[in-house]
Amino acid sequence: MRHEDAVEKDEKQRQLDQHRVDLQGTRLTTDQGVLIDDTDNSLQAGERGPTLLEDFHFREKIMRFDHERIPERVVHARGSGAYGQFRVYESLAEHTVADFLCDPSLVTPVFVRFSTVAGSRGSADTVRDVRGFATKFYTRQGNYDLVGNNMPVFPIQDGIKFLDFVHAVKPEPHNEIPQAQSAHDTLWDFVQCQPETLHFVMWLMSDRAIPRSFRMMQGFGVHTFRLVNAEGRATFVKFHWKPLLGTHSLVWDEVLRVQGNDPDFNRRDLWDAIERGAFPEWELGLQIVPESDEHAFDFDLLDPTKIIPEEIVPVRPVGRMTLNRNPENFFAETEQVAFCTANVVPGIDFTNDPLLQARNFSYFDTQLIRLGGPNFAQIPVNQPVAPVHNDNRDGYHQRMIHQSGTSYSINSISGGCPMSGVVSGDFSGVFQHYQERVDGRKIRKRSPSFEDHYSQATLFWNSMSFWEKRHIVNAFLFELGHVERRNIKEKVVGHLVHIDHELATQVALGLGMPVPAGGPANHGKASPALSQANSARETIATRKIAILVTDATDAGALTPVKEALEGQGAICELIGPHEGNAASLAVDRQLTATNSVLYDAVLLADGGLLAEDGPAVHFVREAFKHGKAIAALPGGSALLQAARLPGTQGVIGPDASGGAFVQAFADAIKVHRHYDRDVATFSA
Ligand code: HDD
């Protein structure tokens, strides 16, 4: 039995059960249910004759194949998802009437889809990009979609610019190059023309853009939303997802190699963790701002290129989400899931953020082309668990058989049904738009309160650890190094001067440009919550450890160490020179069929045989270069020496033994990556 099958089915899963089709023990039919004897040979006039038009089975099969594809998402095409559950810790009735946020006994089913933005559906997972983090809550009051990203800020302030931004970051129009990359002229031309992108660009150049795992990244609702309580009082709110495993990233050099070794790296990681029963978890956090504080900040709460620093408004943990079930069918569920920011429930409302307002139109609109008509909410994964009753009718692929003789409101023929949700003046459970007072002239003009594009980019830079800063500089050099037009690079450096002079200097030197003249003084403020250096967790759960073994491995020494690491939740894979058994231990992978970039740590237990083996030595040196924990049992000391590692940080030699050895290795893994190793010139 799969681990996820041990989880009791919630309301959504029971609803989905009605649509699941099990082919076990069945016989082959056409789409019309006619039994078929042979699906391998078309109907021909004679053994070597032409195919006959009357072969309905042949025509149906070809027709179905010809029409299998639907348009991929115009952005976020590459993604994968899972079902799960959400539960609030304590009632938030003080702020909202949304019942899934008010009743701690309620388990709300969810579906989450993670994605990259720029790449096509078949592009690699590990690219420098934003990750989508979209959650559909199937609440009793209807579906609520929190369609967020793993970065809290967006490149543009007004949705009318989305087409321009996406056209700039997607492959260039004349030759459709490059795929799933931001390192090209049009993106950086857009950036230099549009300084509102700069805060976002700092996030994009940071390690946030190359997450180790979907399970180890934060999510953000980005916009300021509103919560509305029973008295109709609103508070502003920012939504955060915080992963219980901490927020961790890959190393850039590793990213490039993972793409070739396993283009499905993040997708596989999510799938495997759920299959294994290591269900990923996030805490939902809220930053709550009273309406009276709307203008209390030095930025505009409606500006989606800004964060509210956590040190100013703390993130209050309010609930937990667990992903515990993989979809049964990728297309039916993950590809057909349709999110929309306008899917809100009573107690959650919008603000006038111009990006959010545009999104509320765009998501519905895109589903019409992508899913082929207006009935996409009837697709099982999109169907609410709340009942649906209205006068909407017809359209492509209508699946309901409405029995009513009327389809208009108000009617007297059908007893006025479906009636208003308000019963005897009681509005409970009914969506009521927040009655915000709006007063203004029709005008195409950005508010002056949206004008500061540099201060929070500087705040982000100031908040980074030394190694995060190094990674950001290197990312700028990689990206701008792929830009062909010199003037674009110069303009970008010109903007960086306004963020931080040292940053601009390092990038300029790398690009062979003169050191720029000093810009405005750095304001010196920082927000420690922004640094991933502060997010290590005391766990090695789900960390993948490669154990190098051979026929000479001392199984007696290895087994207790392996069991102790697995006891702490790590996943150990034995890598040997051949498949089958090595020293009575079952080998999971053959050395030539894997690579160190697919693991978080390496344990050397080869019995000395691999010290002369080039690929094995390379495996260890590459793991070191990528900052990974390395440990050697006595049988692995020859290989460790052969690797000639230029440092000892996170390297556990065979001197320690037993529990001390395991603990030292586990502690080195918990750090995630030893970024303080000096590997700039180290060649694996
Ligand atoms: Fe968007 C998909 C996140 C701005 C228009 N967006 C999409 C997805 C995510 C986001 C996670 C994938 C959903 C899925 O898995 O199916 N988008 C964001 C965030 C934004 C944002 C966090 C800013 C805060 N998006 C944005 C704007 C527009 C769109 C300003 C248009 C005006 N987004 C779309 C879309 C997509 C989409 C074209 C493509 C496929 C889809 O909606 O269903 O409508």
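## Largest pocket

β4 (142-149) and α9 (354-370) each supply at least two residues of the lining of the largest pocket. Helices (H or I, at least four residues) and strands (E, at least two) are DSSP runs, numbered from the N terminus. The model is predicted: local features need pLDDT of at least 70, side-chain atom pairs count only at pLDDT 80 or more, and totals for chains, interfaces and linings use all residues. Residues are numbered from 1 along each chain as its sequence is written, and side-chain values use heavy atoms, with hydrogens and water left out.

The volume of the largest pocket is about 1700 Å³. A pocket here is an open set of points on a 1 Å grid over the protein atoms alone, where a 1.4 Å probe fits, with protein on both sides within 12 Å along at least five of seven lines; lining residues have an atom within 4 Å of a point. Grid points are joined across faces, edges and corners, and the volume is the space filled by probe spheres set on the points. The lining counts 49 residues, and the closest to the pocket centre are Pro-384, Pro-387, Val-388, His-389 and Asn-390. By class, the lining has 22 nonpolar, 21 polar and six charged residues. Ala, Val, Leu, Ile, Met, Phe, Trp, Tyr, Cys and Pro count as nonpolar, Asp, Glu, Lys and Arg as charged, and the others, Gly among them, as polar.

## Loop between α9 and α10

Ile-410 sits in the loop between α9 and α10. Its peptide bond from Ser-409 is cis, with omega near 5°. Pro-418 is found in the loop between α9 and α10, and a cis bond with omega of about -5° joins Cys-417 to Pro-418.

Ser-424 also lies in this loop. Ser-424 is not a glycine, yet has a positive phi of about 45°. Most residues other than glycine have a negative phi, and most peptide bonds are trans.

## Helices α5 and α10

The axes of α5 (residues 198-205) and α10 (residues 455-463) come within 7 Å and cross at roughly 25°. Axes are lines fitted to C-alpha atoms, for helices over the stretch in contact, and angles run from 0 to 180 degrees between N-to-C directions. The two helices are therefore roughly parallel to each other (angles under 35 degrees).

Leu-198, His-199, Met-202 and Trp-203 of α5 meet Gln-456, Ala-457, Phe-460 and Trp-461 of α10; contact means heavy atoms within 4.5 Å. This contact has six nonpolar, two polar and no charged residues.

## Parallel sheet

Six strands form an open sheet with parallel pairing, in the order β15-β12-β11-β16-β17-β18. Strands pair if DSSP finds at least two bridges between them. At the edges, β15 (589-590) and β18 (651-652) each pair on one side only. Two bridges join β12 (residues 571-576) to β15. Ile-575 stands opposite Arg-589 in β15.

Helix α15 (residues 614-625) packs on the sheet. This helix touches β11 (544-548), β12, β16 (601-604), β17 (629-632) and β18, and its direction makes about 150° with that of β11.

## Antiparallel pairs

β7 (residues 234-243) and β8 (residues 281-290) pair in the antiparallel sense over nine bridges. Phe-236 has Val-289 in β8 as its bridge partner.

β8 also pairs with β9 (residues 316-325), again antiparallel, over six bridges. Here Glu-283 stands opposite Arg-320 in β9.

Methods. Angles under 35 degrees count as roughly parallel, over 145 as roughly antiparallel, 65 to 115 as roughly perpendicular and the rest as oblique.
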